[in-house]
Amino acid sequence: RTWDAVERARAESGLRESEARFRIAAELSPDALVISRNRTFVYANAAAARLYGVADPSALVGLSSMAFNAPGQEAKVEARLKRVWAGERVEPMELDIVRADGSPITVDVSAAPITWSGEQALEVLMRDATERKAAEAALRESEARFRNMADHAPMMMWVTDEAGACTYLNRRWYEFTGQAADEALGYGWLDATHPDDKAMTEQIFRTANANQAIFRVEYRLRQADGTYRWAIDAAAPRFGEDGEFLGYVGSVIDIQDRREAEERLRQNEARLQSLMNAMPAFVWLADSAGDIHYFNDRWYAFTGQTPDQAMSGGWADTLHPDDVARTLKHWSQSLAQGLEYEIDVRYRRADGIYRWYLARAEPVRDPEGRITAWLGASIDIHENRLAADHQQLLINELNHRVKNTLATVQSMAAQTVRS
C-alpha cells in the first residue's frame with residue numbers, strides 16, 4: 001500500500017508538472033485555447049479571454065462551452081463533437097460566436113480529446129477568421145474582376161497552376177475554338193493546336209514551366225469551324241508573396257492577318273530585289289544620315305567587294321583617287337541640304353580598271369516631309385564619257401588650229417599693210 005501511494009504521488013506530481021508546462025506553452029500561444037470537461041470550461045489562456053472579450057481567462061472557467069456560440073450553431077457543433085469523440089481526424093470548422101460585448105465574429109475551430117487532471121476532456125483551439133475571410137472575400141472579388149475583364153478582352157487569355165495545368169480560359173477561347181471547359185482545361189487546350197504544331201508547342205510550354213521562365217510560341221489554332229489560323233501564345237510566370245511559383249498568366253492573339261501581310265511583304269521584297277538586280281545599273285539605299293546599307297548584286301559583281309567591305313563607307317574605297325574628295329564633298333552637301341545628288345565618278349572594277357559612272361540619288365520623304373532614306377543609282381557612262389572627251393579634244397585641236405591660222409593671217413596682213 002505504501003508503494004502504491006508513492007507511485008500515485010509520483011504520477012500526480014508528473015501530471016502537475018506536465019500541466020504546468022502545458023499552461024506555460026498555452027499562455028505563449030497566439031491562438032485561443034480552452035479546455036472543456038463535461039461541456040464546461042476548466043481552463044482558458046489569455047488569447048481565449050481576448051477572443052471572447054472578457055477581462056481575464058479566469059472569467060471563462062466554469063462557464064458552459066456553448067455559452068458564446070451564436071444561435072443556430074447547435075446542430076453543427078453536436079455533429080462535429082460526435083466525430084471528435086469517435087476518434088475521427090476532422091478538419092477545422094468555422095463557428096460563429098458572440099463576444100461578451102455582443103459583437104459577432106467567426107472563428108476557425110479545431111478540437112481533440114485529451115486527459116486533463118486525470119479526466120477526459122476536450123482541447124479546443126480557436127483563431128479569429130475575420131482577416132482570413134476578408135482576404136478570401138477580397139480574393140474572390142479580385143478574381144471576379146479579372147474574369148470579367150478577361151471575358152471582355154479582345155484576345156484569348158488563360159491561367160495555369162504550378163504544375164502547368166490550365167485552370168482558366170476566358171470566353172474568347174471557347175468562342176474561337178469551340179471547345180467546352182472540360183475539353184480545354186488541364187492540357188486539353190493542346191488538342192486545339194494543329195497536329196504538326198502540337199508536340200513543339202507542348203515541349204516549349206513544359207520546358208518554360210519547369211524553368212519558371214517567360215515563353216512565347218507561334219502555332220496554328222483550330223477555329224470552331226475546323227479551319228486553322230496562326231496565333232501567338234505568350235505568358236509570364238506569376239509568383240506568391242513568398243516567391244513561390246504559382247503558374248502562368250498568358251494570352252493568345254490571332255496573327256493570321258499579320259502573317260499574311262508579312263508574306264505579301266516578303267513576296268514584294270523578293271520581286272523588288274529581283275527587279276533591282278535586273279537593272280543595268282548599281283542600285284543602292286542609304287538611311288537618312290547617308291549611311292549606305294544596301295547595294296544590288298551588280299555592285300558586288302563589278303567591284304569584287306563583299307557586303308561587309310562595302311558597308312560603313314567602304315564603298316568609297318572603289319573611287320578613283322582623283323574623285324574621292326569631290327565625291328564625298330558633294331554627297332555631304334546633298335545630305336546637309338536635302339537636295340538631289342548627281343555626279344560623274346570613276347569606280348574601280350574588280351580587275352583594277354576604272355570606268356566612268358553617273359551617280360544620282362534622291363531623298364525619300366515621309367508625309368511630313370522628313371527625309372527617311374536615300375535611293376540612288378549609278379549608270380555606266382564610260383563610252384559616252386570617252387566619246388565626249390575625244391570630241392572635246394577634237395574641238396580643242398580645231399580651236400588651236402583656227403587660232404594659229406588666224407595668227408598667221410593677221411601677221412601676213414600686217415606685213416602687207418607695212419609694205
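Two rings of Phe, Tyr or Trp (for Trp, the six-membered ring) count as an aromatic pair if their centres lie within 6.5 Å. With that in hand, let's look around this structure, which is a predicted model.

**The overall picture**

The protein has 419 residues, and buried ones make up 33% of them. Its chain folds into twelve helices and 15 strands. If you take the contacts between residues at least 6 apart in sequence, 40% of them join residues at least 24 apart.

**Aromatic rings**

Now for that definition: searching the whole structure turns up 24 aromatic pairs. One of them joins phenylalanine 215 and tyrosine 248, an edge-to-face pair with 5.6 Å from centre to centre and 85° between the planes. Phenylalanine 215 belongs to strand E8 (residues 215-222) and tyrosine 248 to strand E10 (residues 245-254), so this pair ties together parts that sit 33 residues apart in sequence. Both phenylalanine 215 and tyrosine 248 are buried.

Another pair is made by tryptophan 331 and tryptophan 374, whose ring centres are 5.4 Å apart with the planes at 75°, so this one is edge-to-face too. It links distant parts of the chain, as tryptophan 331 is in helix H11 (residues 324-337) and tryptophan 374 is in strand E15 (residues 371-380), 43 residues apart. Tryptophan 331 counts as buried, with 6% relative accessibility, and so does tryptophan 374, at 1%.

Here are the two pairs side by side.

| Pair | Centre to centre | Angle between planes |
|---|---|---|
| Phenylalanine 215 and tyrosine 248 | 5.6 Å | 85° |
| Tryptophan 331 and tryptophan 374 | 5.4 Å | 75° |

Phe215 and Tyr248 are also members of one aromatic cluster, together with Trp158, Tyr187, Trp189, Phe205, Phe239 and Phe245. Elsewhere, arginine 385 lies over the face of tryptophan 356, at 3.8 Å from the ring centre.

**Two buried residues in strands**

Strand E10 also holds glycine 250. This glycine is buried, with a relative accessible area of 5%. What does glycine 250 touch, leaving aside its neighbours within four places in sequence? Its contacts are Met156, Met157, Trp158, Ala234 and Ala235. The C-alpha atoms of glycine 250 and threonine 160 are 8.6 Å apart, although 90 residues separate the two along the chain.

Over in strand E13 (residues 341-348) you'll find arginine 346. Is arginine 346 buried or exposed? It is buried, because its relative accessible area is 18% and the cut-off for buried is under 20%. The side chain of arginine 346 makes a polar contact of 2.9 Å with the side chain of aspartate 323. Beyond its neighbours within four places in sequence, arginine 346 is in contact with several residues, including Asp323, His320, Tyr354 and Trp356.

Helix H3 (residues 74-85) has twelve residues and spans 16 Å from its first C-alpha to its last, close to the 16 Å expected. Its buried residues are Val77, Leu81 and Val84. They cover an arc of only 60° around the axis, which means they are on the same side of H3. Exposed Ala75 and Lys82 are on the face of H3 turned away from its buried side. The buried residues of H3 pack against strands E3 (93-98), E4 (104-116) and E5 (119-128). Just after H3, glycine 87 has a positive phi of about 90°.

Helix H8 (residues 256-278) has 23 residues and reaches 33 Å between its first and last C-alpha, close to the 33 Å expected. Gln256, Met276 and Asn277 are buried in H8. Among the elements that cover them are strand E9 (228-239), E10 and helix H9 (297-303).

Most residues other than glycine have a negative phi. Serine 312 isn't a glycine either, yet has a positive phi of about 55°. Serine 312 sits in the loop between helix H10 (307-310) and H11, and counts as exposed at 77% relative accessibility.

Technical notes. Residues are numbered from 1 along each chain as its sequence is written. This is a predicted model: local features need pLDDT of at least 70, side-chain atom pairs count only at pLDDT 80 or more; totals for chains, interfaces and linings use all residues. Side-chain values use heavy atoms; hydrogens and water are left out. Helices (H or I, at least four residues) and strands (E, at least two) are DSSP runs, numbered from the N terminus. The expected span of a helix is 1.5 Å times one less than its number of residues. Buried means under 20% relative accessible area, exposed over 50%, partly exposed in between (1.4 Å probe, protein chains only). The arc is that of the directions from the helix axis to the C-beta atoms. Contact means heavy atoms within 4.5 Å. A polar contact is a pair of N or O atoms within 3.5 Å; within protein, one must be able to donate a hydrogen and the other to accept it, and residues adjacent in sequence count only if both atoms are side-chain atoms. Rings of Phe, Tyr and Trp (its six-membered ring) pair if their centres lie within 6.5 Å; planes under 30 degrees apart count as stacked, over 60 as edge-to-face and the rest as tilted. A charge sits over a ring if NZ of Lys or CZ of Arg is within 6 Å of the ring centre and within 35 degrees of the ring normal.
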